[in-house]
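Open the model in your viewer and keep the sequence panel beside it. The stops below tell you what to select and what to look for.

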Amino acid sequence: MQAAWAALQAHQREIGGLHMREIFASDSDRSRRYRLEACGLFLDYSKHRISEATLSGLKALAAAAGLEQWIGRLFSGEAVNNTEGRAALHPALRHLGMDAFPGHGSDVMPEVRATRDKMRKFCRRVRGGRWRGLTERPLDTVVCLGIGGSSLGPAMACAALEVNADAGLALHFVSDLDGAALDRVLSKCAPERTMFIVASKSFGTEETLTNARSARSWLESRLGGNGDSTARHFVAVTAKPSVAVEFGIDPANVFEIWDWVGGRYSLWSAVGLPLALQIGMDQFEAMLSGAAEMDQHFVSAPPGDNMPVILALLEVWYRDFFAAPSRAVLPYDHALRRFPEYLQQLEMESNGKRVARTGEPLSQPSAPVVWGGPGIDGQHAFFQLLHQGGTLIPSDFILPLQSQRPLAGHHEALVSNALAQTRVLMRGRTEEEVERALEQEGFRGNGLDSLLPHRVLPGNQPSSLLMYECLDPRTLGALAALYEHKVFVESVIWQNNPFDQFGVEMGKVLAKRIRPAVAEALKPAPGENGSLSRRIDRLLAACPPMDE
């Protein structure tokens, strides 16, 4: 890989100072050449600081990293999660054929199909009003308790496909440990009509279990039942069924996931149960089919025509050869308002690593900061930074050709804004152009000179434009799988393991250790009359140095 890396570094020194205005001027056909279409998605990547030589060098880097072999390992069920000795078989969760996956002798599909069938029967009962609570009332309110991958994926997907909801269910997601989050949701719920879905792979995640215990207390205080209310109103999604049963959940209401399903890759499993309840299993499986179609594209398309590979190569190009610290994700689709936060976990938890698979320190940075939000709102919030902040920030613009909920005049304006922003980010506005504009506004002399530097836009900010007809379950599945595979390609080039997350554990360990002291420190001492500074001193003293 060193030779491929060195060649790209030399190439970057040659073209790094070019402006995309120059690149477009010398390559008038690039808008047609730098585009891809796959699985209902269209990618325009012409507005990037690349040439054919750039792409050739990046593909050589991927080949040197063994990308083709690593893709084969992922889909054949090898233990690509080397630190935990596990396969990462999330593609099996959206495999809809009746053949084996990943192959003979290691077929996981029987258990996947069994869980999927259990989900279908469950959804049919709940959506049909036949699932009754302790008071024999149908359960039409669902409170989903989870955190991280057990919440971000389902919450994103439910927001994205709420227009497809047809069951009259009210869904709420609670992940925050702040009691205000749960209390706010419970205040809207009628206990006799409320179901709780507790999603935790270990069924030991502190945030989720704390919320689940509080929800159980709330339910039992209102319905009684000596534990029957828990059995009738709680459902679990977990890799530890016996622990969920100990909590009081009926074994028949426990949906299993497996060690080879990472949390941030688990939307396709029973973790997606809230979405299946909202839109029904037929449409849930349509989402799976969109993801499976992207899987096939990823496995079969050559690198230059492979959408996940191209997006990953662009990320590596800017992160490692331009030192770009972040990437903005800008959906111009209200349905995808939660997509940026979903990608934050997918990308930063997967590739936010400082060591390679071998344990050796990485020689280059990985995983940019992923941030963003709905594009139209962003134009009136953080786009100023993109245009004049002086930092290279590549962007992903995500745009539907049709709105899920069309209103006259709205979508044309939204699309116009998205396309205009990509063009202005690319071209910018030169001093000469600003000067002409100011003269037309009547400015002359010192007045013009003083305004001139404030109106110049450097441009040369790269962006990808992802478009699709209209967001539906199939398209959402393809879109989410696209970014999953993009992350995997990056991990192969960066040589890290994208399937573990040890960095999040130490804080949890310390929090449990100091919790008794914190609880004591938070209580005002008798006669203290609310002295804030003394309580804070005690609170800070409760957290000892890390070496103790």
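Where is the place of glutamine 495? Select it and you land in the loop between helix 22 and helix 23 (505–522); helices (H or I, at least four residues) and strands (E, at least two) are DSSP runs, numbered from the N terminus. Glutamine 495 is not a glycine, yet its phi is positive, about 65°. Its relative accessibility is 35%, so glutamine 495 counts as partly exposed; buried means under 20% relative accessible area, exposed over 50%, and partly exposed in between (1.4 Å probe, protein chains only).

Before going on, note that this is a predicted model, in which local features need pLDDT of at least 70, side-chain atom pairs count only at pLDDT 80 or more, and totals for chains, interfaces and linings use all residues. Residues are numbered from 1 along each chain as its sequence is written, and side-chain values use heavy atoms, with hydrogens and water left out.

**Whole chain**

Zoom out. The chain holds 24 helices and 11 strands, and its C-alpha trace spans about 80 × 70 × 60 Å along the principal axes. A compact globule of 548 residues would have a radius of gyration near 24 Å, and the 26 Å of the chain agrees with that; the radius is taken over C-alpha atoms, and the globule rule is 2.2 Å times the number of residues to the power 0.38. Of the 548 residues, 52% count as buried.

**Nonpolar cores**

Select Phe122 and Phe339 next. They have the most contacts inside the largest nonpolar core, which has 115 residues. Such a core is a set of buried Ala, Val, Leu, Ile, Met, Phe, Trp, Tyr and Cys residues joined through side-chain atoms within 4.5 Å. Helix 22 (residues 473–494) gives the most to this core, with 13 residues. Another core lies apart from it, with 22 residues that include Leu186, Leu209, Ala236 and Ala244.

Now show what surrounds phenylalanine 122. Not counting residues up to four places away in sequence, it touches Trp131, Met195, Val235, Phe255, Leu273 and Leu277; contact means heavy atoms within 4.5 Å.

**Phenylalanine 397**

Move to strand 10 (residues 395–400), where phenylalanine 397 is found. This residue is buried, with a relative accessible area of 1%. Beyond four places in sequence, phenylalanine 397 touches residues including Leu330, Tyr332, Phe383, Ala418 and Leu466.

**Arginine 30**

Is arginine 30 buried or exposed? With a relative accessible area of 1%, arginine 30 is buried. Its place is in helix 3 (residues 30–33). Leaving aside neighbours within four places in sequence, arginine 30 is in contact with Ile23, Phe24, Ser46, His48 and Ile50.

**Backbone stops**

Most residues other than glycine have a negative phi, and most peptide bonds are trans. Select phenylalanine 101 and proline 102: a cis peptide bond joins them, with omega about 5°. Proline 102 lies in the loop between helix 6 (90–93) and helix 7 (109–127).

Finish at glutamate 136, in the loop between helix 7 and strand 3 (141–145). Its phi is positive, near 70°, and at 45% relative accessibility glutamate 136 counts as partly exposed.
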